Amino acid sequence: MRRALAAVSFLFAAASGLGQAPAAVTVIRAGTVIDGKSPSPRRDQVIVVRGNRIESVGAAGGAVPAGATVIDLSKATVLPGMIDAHTHIFLQGEDPAEGGYDIQLLKYPIAYRAARAAVAARRALEQGFTTIRDVETEGAGYGDVGIKMAIEQGHIPGPRMFVVTRAISTTGGYPLEGYAPEIVVPKGAQIVDGPVEARKAAREQLDNGADWIKVYMTHRSWVDAAGNLVSQPTLTLDEIKAIVDETHGWGKKVACHAYNGVGLHRALDGGCDSIEHGLELDDAAVQQMVKQGTWYCPTMSVYYTHNEPPDTPGGKRDRKRVALHGPSLTKAYKAGVKIAFGTDVGGFPWTDPIAAEFPRMVEFGMTPMDAIRSATSAAAEMLGMSGQIGVVAPGAYADIVAVPGDPLKDVKELSKVSFVMKDGKVYKN
Ligand SMILES: [Zn+2]
C-alpha cells in the first residue's frame, strides 16, 4: 500500500513538474572555494546552483548553462553558509544599567521580544550564518518555533533554525532570582523536580516543536577559598537520564549547559549529546566525551563581555571563567573531542560580530581550517544534516557565503562576509 502511494505521488510530482517553469540556475565564479569539508582550498571554481540546491562544483572553463545568472566572486573566498550552534535570538546582550535580564521577562510584551528576535535572526543571516541552533527563549515560551515558521514560510529573512523552546532546569537553578519569596516571578526556563516532571517537560517541549532539548546541568558559579571555579549542579542523574531517554526516543538530541564538576559529569553519565560552554573539562570528562562521541560547543567570546569589578566575588568569577575556558578548548581539541562552533550571541549584543569567536579558537590552538569546519561540516554533523548544509558540494542546499580575503591566513576575514546566499536566494551581494 505504501509503495503504491509513493508511486502515485511520484507520478503526480513528475506530471505537475511539466507545467512549471524550470528552476532558476545561478553560476558562481569563485576565486577560491573552502568547501567546509576538504582539508585544503581549491582555486578558480565554478559552482552551479539550480533552484535551492548546489548542482555541481568544478574547475572554471566549462560551459555555463544557458540562461544562468552569473555571480562573479572570482576575487573572493567562497565558503558554505556558516553555522552558529549556540545562539539566543530572544536575548539582546542586556545592559544591567537598562534593566538587564529581568526586565525582559517582567516588563516587555512577548510581541516586542519577538520583533527584536526577528531582527537578531536577520543579523545572523547578514553575517553569513545561514543556520543557527537557538538554545532557548529565556521566558519567551515557544517564540522560537514561531520565528522559525515565519522564516521557513518566507515572511522574514533569517537562517535555518534548530530550536529548543523553553529549556529545562530545577528549582533554584535559573533566574529570575532575588525577589521576595512571597512574590511569584516568571523563570527563564521550565523548572522541574524529579524524573517524572523532567520527562514530562521534555515531552511537552518536543510536542510543541523543539528540535533539540536544552538542559541546564549547572547554574550558579563562584571561586572558592582555594581559587577553584565551582559550579552548582542542578538536575540529578535520574532526572537527566529521564530527559535523554525520552528525547532519544523521539529521534532528537539533548544539549547540556555545563561548566565543570559534578553537573558536567552527570550530563555525560546521563548520555547527553552536547556539552555547552564546558569551561573546565577535566581529563576524565574529555576521555568520556571522546568515548561517547559527545559534542563540545565552547563559547568563549561571551565571557570576555561579563566583567564585574575585579575585587568583587562576581569579578573574580568572571575572570576565572575566561582564564579556564581557552585551555579547556585546547585540551579537548588535542584529545580529538568533536567541536561545534558556538558563541552565545544574545548573551552579548547582536550588533557585535558573531565571527569574533574564530580568532579565539585559533588563539587556543585550532587551525583556521578546523575552526571553519567546526562552523560548517562539523556543526552540520552534530545537527544530523551532513551533506545537506555546511558544505559546498553537489546535492547540498545552496547556502553559500564569501569573504574578500583569505580566512586561512587571517581568520578575522570571516567577520567581513560580503556575499550571502541561503537556499539558493541571494540576501547580500
Ligand atoms: Zn547560552
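**Reading a zinc site, helix packing and backbone angles**

Visitor: Which residues coordinate the zinc ion, and at what distances?

Guide: The zinc ion is coordinated by H86 (NE2), H88 (NE2) and D344 (OD), at 2.1 to 2.2 Å. Donors are N, O and S atoms within 2.8 Å of the metal (3.2 Å for Na, K and Ca); water is not among the atoms, so sites may look incomplete. This is a predicted model, in which local features need pLDDT of at least 70 and side-chain atom pairs count only at pLDDT 80 or more, while totals for chains, interfaces and linings use all residues. Residues are numbered from 1 along each chain as its sequence is written, and side-chain values use heavy atoms, with hydrogens and water left out.

Visitor: How are the donor residues of the zinc ion spaced in sequence?

Guide: Their spacing is H-x1-H-x255-D. Helices (H or I, at least four residues) and strands (E, at least two) are DSSP runs, numbered from the N terminus.

Visitor: Are H86 and D344 buried or exposed?

Guide: Both H86 and D344 are buried. The word buried means under 20% relative accessible area, exposed means over 50%, and partly exposed lies in between (1.4 Å probe, protein chains only). D344 counts as buried because its relative accessible area is 10%.

Visitor: What should be noted about phi of D344?

Guide: Most residues other than glycine have a negative phi, and most peptide bonds are trans. Phi of D344 is near 70°, a positive value in a residue other than glycine. H277 is a further case, with a positive phi near 75°. H277 lies in strand 14 (residues 274-277) and is buried, with a relative accessible area of 2%.

Visitor: Which residues of helix 4 are buried, and against what do they pack?

Guide: In helix 4 (residues 143-152), the buried residues are D144, V145, I147, K148, A150 and I151. They pack against helix 3 (110-126), strand 6 (129-134), strand 7 (160-163) and strand 18 (419-422). Contact here means heavy atoms within 4.5 Å.

Visitor: How does one describe two packed helices?

Guide: Two packed helices are described by the angle between their axes and the distance between the axes. Axes are lines fitted to C-alpha atoms, for helices over the stretch in contact, and angles run from 0 to 180 degrees between N-to-C directions. Helix 7 (residues 261-269) and helix 8 (residues 283-292) pack at about 20°, with axes 10 Å apart. That angle makes helix 7 roughly parallel to helix 8. Angles under 35 degrees count as roughly parallel, over 145 as roughly antiparallel, 65 to 115 as roughly perpendicular and the rest as oblique.

Visitor: Which residues make the contact of helix 7 with helix 8?

Guide: Helix 7 contributes L264, H265, L268 and D269, and helix 8 contributes A284, A285, Q288, M289 and Q292. These divide into 5 nonpolar, 3 polar and 1 charged. Ala, Val, Leu, Ile, Met, Phe, Trp, Tyr, Cys and Pro count as nonpolar, Asp, Glu, Lys and Arg as charged, and the others, Gly among them, as polar.

Visitor: At what angle do helix 8 and helix 10 pack?

Guide: Helix 8 and helix 10 (residues 313-335) pack at about 40°, with their axes 10 Å apart. The two are therefore oblique to each other. The contact joins D283, V286 and V290 of helix 8 to K331, A332 and A335 of helix 10. By class, this contact has 4 nonpolar, no polar and 2 charged residues.

Visitor: Where does V244 lie, and which residues does V244 touch?

Guide: V244 lies in helix 6 (residues 237-249). Leaving out residues up to four places away in sequence, V244 touches V254, G270, G271 and C272. At 5% relative accessibility, V244 counts as buried.
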